[in-house]
Amino acid sequence: MRTPKVRELGEALRSLFSRPYTIRFPYEPSVPPEAFRGKPKFVEADCIGCGACAQVCPANAIEVVDHVEDGKGRRVLTIHHDHCIFCGQCHRYCTTLEGVVLTNEFDTGTYDRTLAVSTVEKELVICQECGEVIATVDQIRWVAQRLGPKAFGNMGLALMLSQDLGLVAESMRDPARALERGDNVSFLCPRCRREVILYEQWGP
Ligand code: SF4
Ligand code: SF4
């Protein structure tokens with residue numbers, strides 16, 4: 001159409017003398033609305049390092065790496081903010097509900113991708129026989145606390161609670177020695193615990 005309509009012309013003239021609808025970010029701050037889904041961040045005190053958030057993350061933005069050396073281990077969970085799509089699934093399905101939360105931070109631009117990360121680190125419980133990773137200390141403690149007295153029905157949970165109460169000292173088992181009945185009272189992965197029980201039932 002060659003001639004603009006009168007209404008459109010009026011709007012164009014009005015917009016010339018009115019403030020723009022858009023804001024001047026980044027030259028002035030922009031306050032996101034409540035419940036805005038921004039940059040996710042770990043809450044160290046509430047995260048138990050279970051890794052469930054990494055399993056549900058649709059963008060594979062959460063990495064879980066276990067480092068094990070000399071019977072000791074630590075798990076490092078990393079959120080790669082340059083992969084994150086701010087969907088909030090990690091928070092929604094977090095085992096403790098508050099181990100990871102979405103902040104209202106949205107200005108995540110950087111020229112260096114190695115800086116676009118947040119991490120949380122957790123101590124691991126390692127099988128004292130084969131060195132397999134069992135879970136994080138916080139995860140076992142969290143399950144034990146939720147179960148209350150029932151936790152004493154599971155040797156790993158009972159051991160963790162007893163250590164917390166100062167009833168037993170942290171011990172290292174000599175993996176060169178063959179498994180025997182007494183080893184039931186140590187941190188064992190399910191496979192090694194089965195071996196102890198089978199050995200007790202049927203012998204070597
Ligand atoms: S507690 Fe929540 S944030 Fe921490 S690893 Fe488990 S699912 Fe992820
Ligand atoms: S907000 Fe979504 S994409 Fe980002 S880390 Fe959480 S689950 Fe992954």
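Predicted model: local features only at pLDDT ≥ 70, side-chain atom pairs only at ≥ 80, totals over all residues.
Just after helix α4, Gly-148 takes a positive phi of about 65 degrees.

**Helix α4**

Helix α4 spans residues 137-147, and Val-137, Ile-140 and Ala-144 are buried within it. Viewed down the axis of α4, these buried residues fall within an arc of 75 degrees, so they line one face of the helix. Gln-145 and Arg-146, by contrast, are exposed on the other side of α4. The partners of the buried residues come from three elements: β5 (117-126), β6 (133-136) and α5 (155-164) pack against them.

Most residues other than glycine have a negative phi, and most peptide bonds are trans. Asp-70 counts as exposed because its relative accessibility, 71%, is over the 50% cut-off.

Pro-26 is situated in the loop between α1 and β1 (40-42).

**Val-65 in strand β2**

Strand β2 covers residues 62-69 and includes Val-65. With a relative accessibility of 30%, Val-65 counts as partly exposed, because that class lies between the limits of 20% for buried and 50% for exposed. Leaving aside residues up to four places away in sequence, Val-65 touches Arg-74, Arg-75 and Val-76. The C-alpha atoms of Val-65 and Val-76 are separated by 5.3 Å, although the two residues are 11 apart along the chain.

**Cysteines**

A disulfide is a covalent bond between the sulfur atoms of two cysteines. A search of the whole structure finds zero disulfides. Cys-189 is accordingly in no disulfide, and the nearest cysteine sulfur, that of Cys-130, is 3.6 Å away. Cys-189 is buried, with a relative accessible area of 4%. Cys-90 also counts as buried, at 8% relative accessibility.

**Surface patch**

Leu-9, Leu-13, Leu-16 and Phe-17 form a nonpolar patch on the surface, and together they have about 490 Å² of accessible area. Of these residues, Leu-16 is found in helix α1, which comprises residues 6-16. Leu-16 counts as exposed, at 63% relative accessibility.

**Accessibility of selected residues**

The table collects the relative accessibility of residues discussed above.

| Residue | Relative accessibility | Class |
|---|---|---|
| Leu-16 | 63% | exposed |
| Val-65 | 30% | partly exposed |
| Asp-70 | 71% | exposed |
| Cys-90 | 8% | buried |
| Cys-189 | 4% | buried |

Conventions: Residues numbered from 1 in each chain as written. Chains lettered and ligands numbered in written order. Heavy atoms only, no water. Patch = residues over 30% accessible without salt bridge, like charges linked within 9 Å, V, L, I, M, F, W, Y side chains within 5 Å. Areas by Shrake-Rupley, 256 points an atom, 1.4 Å probe, with all protein chains shown as cover. Salt bridge = Lys/Arg side-chain N within 4 Å of Asp/Glu carboxyl O. Helix = DSSP H or I, 4+ residues; strand = E, 2+ residues; numbered from the N terminus. Buried < 20%, exposed > 50% of the residue type's maximum accessible area, 1.4 Å probe, protein only. Arc of directions from axis to C-beta. Contact = heavy atoms within 4.5 Å. Disulfide = S-S within 2.5 Å.
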